[in-house]
Amino acid sequence: MPDPTVDGVHCLVMRGGTSKGAYFLADDLPSDVAERDDLLLRVMGSPDPRQIDGIGGAHPLTSKVGVVSPSQDERADVDYLFLQVMVERAEVTDRQNCGNILAGVGPFAVERGLVTPGQETTSVRIRLVNSDSYATATFATPGGKVRYDGDLAIDGVPGTAAPIQLAFADTAGSATGALLPTGNVTDTLTGALADSGAGVRVTCVDNGMPSVLVAASDLGVEGTEEPAELEADETLAARLADIRREAAELMGMGDVSRATVPKIVLLSPPRHGGVIGTRSFLPVKCHTSIGVLGALTVAAGLRIDGAVGHDLAQLPPEGDPMPIEHPTGHLDVTAEITEVDGRLTTASSSVLRTARKLLDGSVFPRPRS
C-alpha cells in the first residue's frame, strides 16, 4: 500500500445530520484493523484535545468516520461501518452506530460510483455493519447527480439542505439483542442514589443505540439546563457514571469504562410543543442536540407503557412524527412498537436528515512518531 503520509488517502468530508466526519472506501484503508485505526488516529489528529494536527473538529460529534464498501448481502447495496475516533485518547471504537453519519452514506455511495443513481431520486439500501441492521436512504438525484441544496432545516445545523429519508429495519437490540435488554420495562439502580436516598428508576432500551432513560428530576436537575452547565456539575457526573456502569452490567454489555455506549438520556416534560425534553450524554459530554439513533431509541422507549418518561411525554398517535426536543431544537422521528413471540420490538422507525459534501480529495495523516 502506498505511504499515506506521502501520497495521501482518498477521502470525502461531509456533514451528516448534526455530525461531521470523514468518509472512506474500505479499499482505500488498510485491511488490518490495528493499522487502519492507527491511520485514522493520525488523520483525525488524535490524541489531542484540539486535534490540531488532523481534520477532526476537537469534539466527539466532529471526530467520526464512515467506511463504505459494496455489500455481499442481497438485502443491501453497500456496507457501512461507523468508527468513533476518540479526541483525547488514542482509541477508535466500533461499539456503536451513528445515524447522523449514516445520512451521508447514500450520497457517498453515489459519489464513489458504488450505486447507479436514478434520474430523479435514488434509494440506497445500507447494511449497518456495527449492528448487522439495515436502513434505506432515499434522496434527490436530478439528472443522476446528488442534490445537496434544498429547503429542509434541521435543528442544530444552520441553513437548509435537501432532505434524506432514512427508514430503518432490525434496529431493536442493535448491540444488546433486545429492545429491552434487561428484560424489564424498568429497573431500579441501587448504586446510583438520588437526593432522596432511594435507588434511581431507569428504562434500558436499545432501538439502534443502547440507552438508559432517566427522569432528570430523579437526579436533582431540571433537564432543561444548557449542556455546559450539566457538564460542569460534578455531582451529576458521578451519578451518571454510576448509572452507566450498573445499567451496562444489567444490559449484558460488560465493562463500558472505555466505551461510548450505553448513552444516558435525561428526560423532562416537553416545553416547546414536542413529545419529550432530552439531554443526552456522549458519555460525559452533553450532546448539543441528540443523535438519530438515540432519538429513535428514546421514541421507542416512550411508546412502552410504564417506561421511564412515558408519563412525562405528550405522545401523538402511533405512526405520527414524534418531535424529540433537545438543547438546540427538536428532531422528528417515528417509532412503532409491536410484540413478536411475547417480546416487544420495533415494527418500523424513520427520520428525515440532511447531509452536505464539504471537501473531496486526499487527506495526509501526520507521520508516525
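This is a predicted model: local features need pLDDT of at least 70, side-chain atom pairs count only at pLDDT 80 or more; totals for chains, interfaces and linings use all residues.
H6 spans residues 234–250, 17 residues in total. From first C-alpha to last, H6 reaches 25 Å, close to the 24 Å expected at 1.5 Å a residue. The buried residues of H6 are Leu236, Arg239, Leu240, Ile243, Arg244, Glu246, Ala247 and Ala248.

Helix H2 covers residues 33–44 and has 12 residues. The distance from its first C-alpha to its last is 16 Å, close to the 16 Å expected. Asp32 caps the N-terminal end of H2, with a side-chain oxygen 3.2 Å from the backbone nitrogen of Ala34. Buried positions in H2 include Leu39, Leu40, Leu41, Val43 and Met44. Arg36, Asp37 and Arg42 are also buried. Just after H2 comes Gly45, with a positive phi of about 90°.

Strand E1 (residues 9–16) has eight residues, and seven of them are buried, so E1 is largely enclosed by the rest of the structure. E1 runs antiparallel to strand E17 (residues 355–363), and eight bridges join the two. Gly16 has Ala355 of E17 as its bridge partner. E1 also pairs with strand E2 (residues 19–25), again antiparallel, over five bridges. Here Arg15 stands opposite Lys20 of E2. E1 and E2 form a hairpin with two residues between them. Gly17, in the turn, has a positive phi of about 60°.

The largest pocket has a volume of about 900 Å³. Its lining comprises 49 residues, and those closest to the centre are Thr260, Leu282, Pro283, Val284 and Lys285. H6 gives the most to this lining, with seven residues. Other elements that each supply at least two residues include strand E4 (78–85), helix H3 (99–102), helix H5 (227–231) and helix H7 (292–302). Strands E12 (263–268) and E13 (276–281) also supply at least two each. By type, the lining of the largest pocket divides into 24 nonpolar, 14 polar and 11 charged residues.

The second largest pocket holds about 230 Å³ of space. It is lined by 18 residues, with His272, Arg279, Glu325, His326 and Gly329 nearest its centre. E13, strand E14 (322–326) and strand E15 (329–340) each contribute at least two lining residues. Three residues of this lining are nonpolar, 11 are polar and four are charged.

Most residues other than glycine have a negative phi, and most peptide bonds are trans. Several sites in the model depart from this pattern. The peptide bond from Val261 to Pro262 is cis, with omega near 0°. Pro262 lies in the loop between H6 and E12. A cis peptide bond also joins Leu282 and Pro283, with omega about 0°. Pro283 sits in the loop between E13 and H7, and both Leu282 and Pro283 are among the residues closest to the centre of the largest pocket. Ala58 has a positive phi, near 65°. Ala58 is located in the loop between H2 and strand E3 (64–70). With a relative accessible area of 31%, Ala58 is partly exposed. Asp170 likewise has a positive phi, near 60°. The loop between strand E8 (164–169) and strand E9 (187–193) contains Asp170.

Methods. Residues are numbered from 1 along each chain as its sequence is written. Side-chain values use heavy atoms; hydrogens and water are left out. Helices (H or I, at least four residues) and strands (E, at least two) are DSSP runs, numbered from the N terminus. The expected span of a helix is 1.5 Å times one less than its number of residues. Buried means under 20% relative accessible area, exposed over 50%, partly exposed in between (1.4 Å probe, protein chains only). A polar contact is a pair of N or O atoms within 3.5 Å; within protein, one must be able to donate a hydrogen and the other to accept it, and residues adjacent in sequence count only if both atoms are side-chain atoms. Two strands pair if DSSP finds at least two bridges between them. On a 1 Å grid over the protein atoms alone, a cavity is a set of points where a 1.4 Å probe fits but cannot get out, and a pocket is an open set with protein on both sides within 12 Å along at least five of seven lines; lining residues have an atom within 4 Å of a point. Grid points are joined across faces, edges and corners, and a volume is the space filled by probe spheres set on the points. Ala, Val, Leu, Ile, Met, Phe, Trp, Tyr, Cys and Pro count as nonpolar, Asp, Glu, Lys and Arg as charged, and the others, Gly among them, as polar.
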